Structures are given as C-alpha cells and as structure tokens.
Amino acid sequence: MPLDPQREPARTGGGQPPGLLPDRVEQLRARLRGRLVRPDDADYEEHCRVYNAMIHKRPALIARCADVADVLAAVAFAREQGLLLAVRGGGHNGGGLGTCDGGLVADLSPMRGVRVDPASGTVRVAGGSVWGEVDHATHAFGLAVPSGIISTTGVGGLTLGGGIGHLTRRFGLTIDSLLAVDMVLADGRFVTANAEQHPDLFWAVRGGGGNFGVVTSFLFQAHPVDTILGGPTLWPLERAAEVMKWYREFIPAAPETLNGFFAFLTVPPAPPFPPHLHLQKMCAVVWCYTGDPEQADALFAPVRAMAPALDGVQAMPFPMLQSAFDALYPPGHQWYWRADFVRELSDEAIGRHVTFAQRLPTMQSTMHLYPIDGAARRVAPGDTAFSFRDARWSEVIVGVDPSPARAADITTWTKEYWEALHPYSAGGAYVNFMMEEGQERVQATYRDNYARLVEVKERYDPSNLFRVNQNIRPGEGATLRH
C-alpha cells in the first residue's frame with residue numbers, strides 16, 4: 001500500500017486498523033527478539049504512556065525493539081502494511097511525537113548501552129539510551145558529551161533536534177560533537193552516515209529530527225569535563241527586569257567556559273532551598289562553569305555584586321548538575337510547550353516577560369532562556385540542518401502540573417505568554433521545544449535549510465514513512481526551487 005506523503009496521521013481511534021490481518025501481526029511478533037505489545041495485553045496502557053501525560057494516543061502495536069534486527073522488522077512491517085509509524089526513544093517529546101493513534105510504535109527504549117573509548121574520547125551510544133546513562137559512563141573518565149538539562153531525556157530525540165544545554169557555549173550543540181550515526185532507512189537499508197559516508201544524510205540528521213530514518217546508535221566526541229562550578233542564583237521577582245537587563249549584557253561578554261540559562265520559577269518547598277524562599281516566585285540563572293577554578297571568584301564577582309537572595313553555586317560532579325531537575329520533573333505530568341529563537345531582549349520584551357512571570361500558574365511552570373552563542377555560533381547556519389546559529393537565546397515557555405485538572409490553565413498561560421513575546425522573536429523555534437504547530441512553523445525553523453532538507457527527504461524517505469515528527473515533507477522540492 002503506497003503512503004501518501006501529505007496524509008495527516010490519524011488522531012483518533014486505536015486498536016487494530018482495518019485490513020491488518022492477525023496472521024501478519026503474528027509474523028511480526030515471531031520476527032522480533034523484543035516484545036510486541038497489543039491493545040489486549042494487560043500492560044498495554046503502561047507501554048502507551050509517554051513523559052507528557054497530556055498526550056493520550058493508542059497505537060495498534062508497540063514493537064519493543066531489542067536490537068537493530070527488530071528495528072528493521074518494525075520499519076518493514078509499517079512500510080508493507082501502510083501503517084503510520086512513530087519512533088520512540090526516551091519519550092520526552094513535548095508534542096508526543098514518539099507515539100501515534102492506530103499505528104505502530106517502534107519503541108527503542110530496550111536498546112540501551114554506552115561504550116566509552118578513553119583513548120580517543122569517543123562514545124558509542126545505543127539509540128534507546130537516556131542522557132543520565134551517558135553521563136554516568138563518561139564521567140568515570142573525566143569526560144562529557146554536551147546534552148540538555150534533564151538526565152532522563154532520550155539521547156536520540158535531543159540529539160536529532162540539535163541539543164541545547166549546560167555545555168553549549170563551551171562545546172557547542174550536541175550535534176557539533178556527533179561523529180556518526182547508524183540508521184535504518186525507510187527502504188530497509190542499514191547505513192552509517194558520517195562526514196564521508198552519506199554526508200547529505202549526516203548533514204540532515206544534525207537538527208532535522210527523525211525525518212530520515214531510525215537512528216540505532218550514535219558516535220560522539222566527548223570533551224574533558226569533570227568537576228564543575230554550577231547551580232542557581234535566585235533573585236526576588238520584583239528585581240526580574242533589573243536582572244534580565246544585566247543578564248542580557250553579561251552572558252554574551254562572558255568567557256565560553258561559563259554557561260548560564262535564565263529562568264522564572266517557583267521555589268520548590270524542599271532542600272536545598274531554605275524554607276523562607278519556599279513557593280516564592282523568583283527569577284534565576286542556573287550556572288555551569290567548566291574553566292579554571294582559580295579564576296572562578298573573579299568571574300562570578302559581577303554575579304555576586306547583583307546580590308542574589310540565594311547563591312547556590314558550588315563545586316560538583318557534572319552529572320550532579322545534569323540530574324538536578326530530574327526530581328522536579330518526573331514522568332507523568334501535564335506539559336504544554338511553546339518556544340522561539342531570540343536575538344535580543346529589548347526593554348519592552350522584558351516588561352512582557354515580567355508580567356507573565358507574575359502569573360506563573362503552577363509550581364513547576366517556567367520560562368527558560370538558553371544561550372546558543374559561543375562555540376555553537378562558530379558553526380555556520382548551513383553546516384548542519386540546525387539553522388538558528390545567529391540567535392542569542394532559545395526561549396521556551398512551559399506550563400507544567402501533575403494534575404489533569406490544571407491542563408487548561410497551564411495551556412492558556414503558555415499560549416498567551418508566547419503570543420505576547422513572539423513579536424520580539426527571531427522566528428522559528430528549537431524543534432525539541434515545539435508542539436504540533438503546523439507546517440509554516442517547521443519551515444520558519446529551518447529557514448534556508450528547508451529546501452535542502454526536502455531534497456534529502458526525497459532521496460531517503462520519498463513516501464514520508466517517517467512523518468510523526470516536525471515533518472519535512474517530500475514533494476515540496478520543485479515548489480521551493482522555483
């Protein structure tokens with residue numbers, strides 16, 4: 001059954017799609033070393049869940065892939081049966097793009113493993129691994145791979161979208177440390193993509209998401225990172241405008257060894273925060289310094305001159321900072337995200353930020369500004385699919401709460417906040433922070449790189465088998481070229 005590249009994925013239903021014969025399903029089950037989960041299995045609901053509990057989708061089948069052979073079988077089955085195919089690694093995608101209704105989920109989470117080569121500083125990571133596993137393995141050798149800020153995030157999704165986090169200013173995006181990928185393609189081929197083999201495909205997966213195949217393993221170059229100086233500095237919300245104006249000047253001028261992302265937050269009522277700050281709405285910068293410890297006091301002197309209400313910067317193993325937010329953001333909460341790239345923080349934009357910070361709807365709702373300058377900017381916008389190397393920050397607004405009863409509140413706050421700030425943005429957004437927002441937003445995110453991404457898509461996935469993502473649509477190439 002040919003696939004229509006413009007066909008939208010089904011959004012309702014679940015169970016076994018019409019025309020999917022039981023004997024074909026049984027043949028798939030027999031081919032898998034891992035388990036095939038079906039709607040009548042007792043633990044089906046458990047395997048349907050993703051990190052964002054606002055997402056409720058019911059696939060017809062979930063292939064819990066144990067190895068590359070299982071991925072090959074799952075991709076072939078979806079292609080041959082004309083089934084919608086979703087690929088899930090860590091399951092953290094805000095829009096729920098690791099699952100689908102009525103189709104097949106290739107669940108890579110059983111495919112875990114990290115192998116560090118200390119001689120070369122390279123790290124081989126299986127496609128279903130999470131970043132905490134990478135941090136644990138690399139830290140033993142005094143190494144780290146740039147990633148995000150929550151260690152339960154899947155390696156695959158974060159990497160394929162670009163990868164922004166604590167080490168961005170020092171070592172660039174995650175994709176800037178990516179040396180190669182092994183992939184299962186839509187036509188069933190298994191290939192390695194790197195600078196010499198399938199270089200067009202390697203270019204596309206560095207920021208182009210899961211549009212081009214299933215990555216079964218990643219090869220990264222790690223960097224010397226061991227004990228760092230990190231943690232938050234907090235200020236009262238009434239000082240937020242002052243702190244943001246100071247921050248917009250301080251970070252771009254700071255050495256690349258210092259990263260700090262700005263946040264609005266409600267202080268959690270737990271250690272290490274002192275009781276007198278619990279549940280206060282505040283603004284913060286979360287720091288990560290990887291430079292010479294002897295220069296730290298001088299570097300942080302301007303920060304301390306801003307007289308924070310809490311100075312939580314301390315020496316710690318890098319994995320400790322990487323996992324610091326895990327307990328605050330466990331799986332199973334309601335999430336609604338909106339995002340933009342930002343080139344400058346004008347006084348007027350700062351005023352609007354503060355207005356919405358005063359209305360933080362729940363304890364876990366937040367806004368972050370992640371720097372993407374420094375080493376990340378030394379890569380040209382056309383060198384990888386990730387386009388916005390010229391932006392200063394990646395902004396994300398996130399409504400979060402454990403209770404489904406608050407889903408409407410956090411969604412409304414997030415949308416209104418984003419609508420108020422979007423006119424001050426550079427256009428486009430980090431794909432890992434996007435919900436399903438339409439094709440115009442996808443094109444705005446990739447800008448001049450979109451036409452080339454379409455060409456790569458048409459070469460490697462012309463029928464758009466891999467479309468449960470921020471989709472690069474084949475068939476648009478001629479339009480874009482004229």
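What does the pLDDT of the protein chain average, and what share of the residues score at least 70? The average is 94, and 95% of the residues score at least 70; pLDDT is the predictor's confidence in each residue, from 0 to 100. This is a predicted model, so local features need pLDDT of at least 70 and side-chain atom pairs count only at pLDDT 80 or more, while totals for chains, interfaces and linings use all residues. Residues are numbered from 1 along each chain as its sequence is written, and side-chain values use heavy atoms, with hydrogens and water left out.

**Stop 1: the start of the chain.** Select residues 1–14, where pLDDT stays under 50. The model has 28 contacts for this stretch beyond four places in sequence (a contact means heavy atoms within 4.5 Å).

**Stop 2: the cores.** Now pick Met183, Leu201, Phe212 and Phe220, the residues with the most contacts inside the largest nonpolar core, which has 85 residues. A nonpolar core is a set of buried Ala, Val, Leu, Ile, Met, Phe, Trp, Tyr and Cys residues joined through side-chain atoms within 4.5 Å. Buried means under 20% relative accessible area, exposed over 50%, and partly exposed in between (1.4 Å probe, protein chains only). Then jump to Leu237, Trp246, Trp393 and Leu421, which are among the 40 residues of a second, separate core.

Stop 3: Show Cys283 and Cys288. Both are buried, Cys283 with a relative accessible area of 0% and Cys288 with 1%. The disulfide count here is zero.

**Stop 4: loop backbone.** Helices (H or I, at least four residues) and strands (E, at least two) are DSSP runs, numbered from the N terminus. Between β13 (258–266) and β14 (281–289), find Pro272 in the loop; the peptide bond from Pro271 to Pro272 is cis, with omega near 10°. Leu279 sits in the loop between β13 and β14 too. Its phi is near 65°, positive in a residue other than glycine, and Leu279 is exposed at 52% relative accessible area. Next, select His198, in the loop between β9 (190–194) and α7 (199–205). His198 is not a glycine either, yet has a positive phi of about 45°.

**Stop 5: a helix pair.** Finish at α13 (residues 439–446) and α14 (residues 449–460), which pack at about 105° with axes 7 Å apart. Across the pair, Gln439, Val442, Gln443 and Tyr446 of α13 meet Asn449, Tyr450 and Leu453 of α14.

Terms used: A disulfide is a pair of cysteine sulfur atoms within 2.5 Å. Axes are lines fitted to C-alpha atoms, for helices over the stretch in contact, and angles run from 0 to 180 degrees between N-to-C directions.
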